[in-house]
Amino acid sequence: MSEWINTEALVKYYSKNRALDMVTLRLNATSVSLVGPNGAGKSTLMSILEGLTHYSGDVQVLGMSPDTDSVKICKKIGFAPERPSFYQAASPRDIFKRVHDLKGVEFSEINRITERFGFSQLIKRSIYTLSLGEQQILTIITALLWAEEGVILDEPNANLDIWRQSEFMEILQEELKSRGLKFLISTHLIDKTIPHTEHVILLDKGKVLYSGPTSELQSLYEKNRYYIWCTDTREITKYLDTQEIRLEELNGKLVKIESHLSIGNILDLIPVERQKSILKVERTPIEEIIRGYIENKGVV
């Protein structure tokens, strides 16, 4: 699989502050998450890939330089910034008509995707009457309709109501895959995005702490650490108080366990009649994995 985004010794300064510090990436995965704390350099990297920010080093998107070939890149890649930017007096229908005229996208496809995102009832309204979240969805739909080979999305669900975020991400993932588009998503909603991508880039203070398969990152910090949700921790912890298991009761309904044992062997220690109190068991949450990686600067 050919690489669609390459950077080599990428550096970007703002005044005397180095926002990106010798960033080298080789991305051939179809789906990529870009994560990191505030000030990590995520937005700067996205802006460079869009051809909006000058830089030092080498950057290639689909084999082209954003510095000199940004127009060519924009013909193939759909970009969706975190902050929507439209002519406010226009309507979504005007935007979609423009996409039809410039890209030849059929109106039937425009109607299908707006219906898919629950946006059909909004297309005749002036953009200034739309909420920030609705404008965000308009940005995403436009990027999907425009894209020929891939999309680059900066915090695509940042402005959405919390109860819409999960549903929106599921629809977005389905549309990206069905259209055969490569995608890079910068996000703070780690648990809703990373599990759906093959590759993770972790930035902190302008440096790449990790760039590799999602599964490999998850395995680094799981180390047989589990979380058990139950109706009453007293129902199960007395059976798990052994030398092979380290217990930490986080509250009356949640227990953190570290052990070399598998979860199956751990549960075998609990009588069947007591296992009924267990509501859910999961490995280390992805947010904790990311936090641990940042705190340890990638040292496992």
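**View 1. Ser15 sits out in the open.** At 70% relative accessibility, Ser15 counts as exposed, because anything over 50% gets that label. This is a predicted model, and here Ser15 belongs to the loop linking strand S1 (5-14) and strand S2 (17-27). Most residues other than glycine have a negative phi.

**View 2. Glu155 is tucked away in a loop.** Look between S6 and helix H6 (162-178), and you'll find Glu155 in the loop there. Glu155 is not a glycine either, yet its phi is positive, about 50 degrees. With 3% relative accessibility, Glu155 counts as buried, since the cut-off is under 20%.

**View 3. Six strands make an open sheet.** Reading across, the strands go S5-S6-S7-S3-S8-S9, and the pairing is mixed. Strand S5 (77-80) and strand S9 (207-213) are the edges, each pairing on one side only. On average, neighbouring strands are turned by 10 degrees against each other, direction ignored.

**View 4. S3 meets S7 inside that sheet.** Strand S3 (residues 31-35) runs parallel to strand S7 (residues 182-186), and four bridges join the pair. Pick out Ser31 and you can find its bridge partner in S7, Phe183.

**View 5. Helices H1 and H5 rest against the strands.** Helix H1 (residues 42-49) packs on the sheet and touches S3, S5, strand S6 (150-154), S7 and strand S8 (199-204). The direction of H1 makes about 145 degrees with that of S6. Helix H5 (residues 132-146) lies across S5 and S6, and runs at about 175 degrees to S5.

Methods:
Residues numbered from 1 in each chain as written. Predicted model: local features only at pLDDT ≥ 70, side-chain atom pairs only at ≥ 80, totals over all residues. Heavy atoms only, no water. Pairing = 2+ DSSP bridges. Helix = DSSP H or I, 4+ residues; strand = E, 2+ residues; numbered from the N terminus. Axes fitted to C-alpha atoms, helices over the stretch in contact; angles between N-to-C directions. Contact = heavy atoms within 4.5 Å. Buried < 20%, exposed > 50% of the residue type's maximum accessible area, 1.4 Å probe, protein only.
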